[in-house]
Structures are given as C-alpha cells and as structure tokens.
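Here is a friendly note to read alongside the structure. Please keep the 3D view open and follow the points in order.

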Amino acid sequence: MTLQIDIWSDIACPWCLIGKRRFDAAVAQLPFADQLEVDYHSFLLDPELPTRYEGSEAQYLAERKQMPVEQVAQMLAQVTEVAAGEGLAYDFESLVVASSRRAHRLLQAARRTTEQNRADGLVGRLNERLMRAHFEQGMDIGDDEVLVEAAVACGMEEQLALRAIDDASLDEAVQLSVATAGSLGISGVPFYVVDQRYGISGAQPTEAFVQALQQVWSEKQANEQPVLAPLATEGEACGPEGCA
C-alpha cells in the first residue's frame, strides 16, 4: 500500500522551502515513510514576471502588494527569522528577482525521468536546490548556467537539462499543473493534497504534518472513502498578491 502526496509550490515562494523542510522532517518520523509517493507540481505566483526584474525583492513585492517598501522589508525580516529556525539562511538583500518559469520547465522534465517519486527523489532534491539557490545564495533562477548546474548536481543529465530549459512545450505541462491547482481551489502555495482525501494549506509545523499523514494512513488502511477536504489550514503561504 502506498500513500500519494501531491505538492504544489513555486521556487519563488519563501514559505514553500520552509514548508518543504518541515514536511521532510515529518516524513523522517513516519514508520511508513518508504511507502509514500510524493509528486511536486508547478505553481506560478507571478506568470507575468519578466525573465529578470531590475530591483530588490522588497521593491518588487511593494509594487505588487502596493505597500510601503519599509513594511515589506519588515515582513521579509520576519520570514527570514522563521526560516532560520528551520536551518535556512535567507538573504533577501542578495536575492535576484527572476521568473521561475524556466526552472519549472526543468522540474517538469525531471518528473518525466523519474519512475518512482519519493520525498528525497530527484524532483524533491532539485526543487530544494533551486529554492536554496534563490533564497540563500543570491543566484538567478532564470540563468541557464545556474539551472543546469543545479540539475546536474542532483543527478540529471546535462544535455537533458539544457534541452528542458529551452523547451517551450514544457510550458504546457506547467500550465496544466497550474490549472489543476485552480480546479482544486488552490490559490496559494505550498499546498499539499494527501491521497486525494485532504488538502493541507501552507507551511504547517512539522507536528501538524506528522499528525495529518498518520491520520490519512490509518483511514486508508481502514478503506474509508476518499473525500477532498481541509485537514490543516491557515498555514503561512504565498499567493499571486504576495505572502502572508
């Protein structure tokens, strides 16, 4: 028996990386961790973002949220503090604001090369590496060299990565992922759908993930009918209008 977990996230979402850290920590505590199948899906917080935005993250978010830059900077400082609690060193001062579309092409190509999905599989590793490059290392996630280097480091063939980032046809897979999220009522990320039974919204605490996954595992063993419903809500997440 396996437990399917579908995760929607965007590389440009600070709460998605925090949520991934907490989710991975929860998975490590589960006795049935080796029976989880984890599939990462694309979500674009800003489909209209150009390849490169000439300005800081605070300036970009201030424009989108129509808030004073100082207030946005304070919000980013709070996110940085939460991230530090998960062992992450966010650096919004060095962050390069860039479209994540080409990075999502790469993730979609990685999905197609993986027969069995795991939390620590190729797609999960690549997803985290790209987010850390974006939020911790000040790298441009729209840059070919950055993307290919990350892919190769995670075990992807270099030529496959090079083809993927320039393959506009992969945008269809990205858009399908976004459309599926919309059909499920997902408007912010990270968002987790567990075995088509429950939706978990936001970067929940590790304990909440553990409890939720254990609950669904028990229900699945009892052959209870799947019904998509909220299991944990009000976690920190990012949407098209910004993060909260």
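1. Let's start with the rings. F23, Y192 and F209 form one aromatic cluster. Rings of Phe, Tyr and Trp (its six-membered ring) pair if their centres lie within 6.5 Å; planes under 30 degrees apart count as stacked, over 60 as edge-to-face and the rest as tilted.

2. A word on the model itself. It is predicted: local features need pLDDT of at least 70 and side-chain atom pairs count only at pLDDT 80 or more, while totals for chains, interfaces and linings use all residues. Residues are numbered from 1 along each chain as its sequence is written, and side-chain values use heavy atoms, with hydrogens and water left out.

3. How many aromatic pairs does the structure hold? There are eight. In one of them, the ring centres of F23 and F209 are 5.7 Å apart and the planes stand at 85°, so this pair is edge-to-face. The pair links distant parts of the chain, with F23 in helix α1 and F209 in helix α9, 186 residues apart. Helices (H or I, at least four residues) and strands (E, at least two) are DSSP runs, numbered from the N terminus.

4. Y192 and F209 also make an edge-to-face pair, with 4.8 Å between the centres and 70° between the planes. Y192 belongs to strand β3 (residues 191-194) and F209 to helix α9, so the pair ties together parts 17 residues apart in sequence. Are these residues buried or exposed? Y192 is buried, with a relative accessible area of 2%, and F209 is buried at 1%. F23 is buried too. Here buried means under 20% relative accessible area, exposed over 50%, and partly exposed in between (1.4 Å probe, protein chains only).

5. Now look along α9. Its 16 residues (206-221) should span 22 Å at 1.5 Å a residue, and the end C-alpha atoms are 23 Å apart, which agrees. The expected span is 1.5 Å times one less than the number of residues. Buried residues of α9 include V210, L213, V216 and W217. After α9 comes N223, whose phi is positive, near 60°.

6. On a 1 Å grid over the protein atoms alone, a cavity is a set of points where a 1.4 Å probe fits but cannot get out, and a pocket is an open set with protein on both sides within 12 Å along at least five of seven lines; lining residues have an atom within 4 Å of a point. Grid points are joined across faces, edges and corners, and a volume is the space filled by probe spheres set on the points.

7. The largest pocket has a volume of about 400 Å³. It has 31 lining residues, and A12, P14, E57, L61 and C243 are the closest to its centre. Each of α1, α2, α3 and β7 supplies at least two lining residues.

8. The search finds three cavities of 30 Å³ or more, and the largest cavity holds about 50 Å³. Its lining includes F23 and Y192, and α1 gives the largest share, four residues.

9. Finally, R64 lies in helix α2 and is partly exposed, with a relative accessible area of 26%. Its side chain is joined to that of D46 by a polar contact of 3.3 Å (a pair of N or O atoms within 3.5 Å; within protein, one must be able to donate a hydrogen and the other to accept it, and residues adjacent in sequence count only if both atoms are side-chain atoms).
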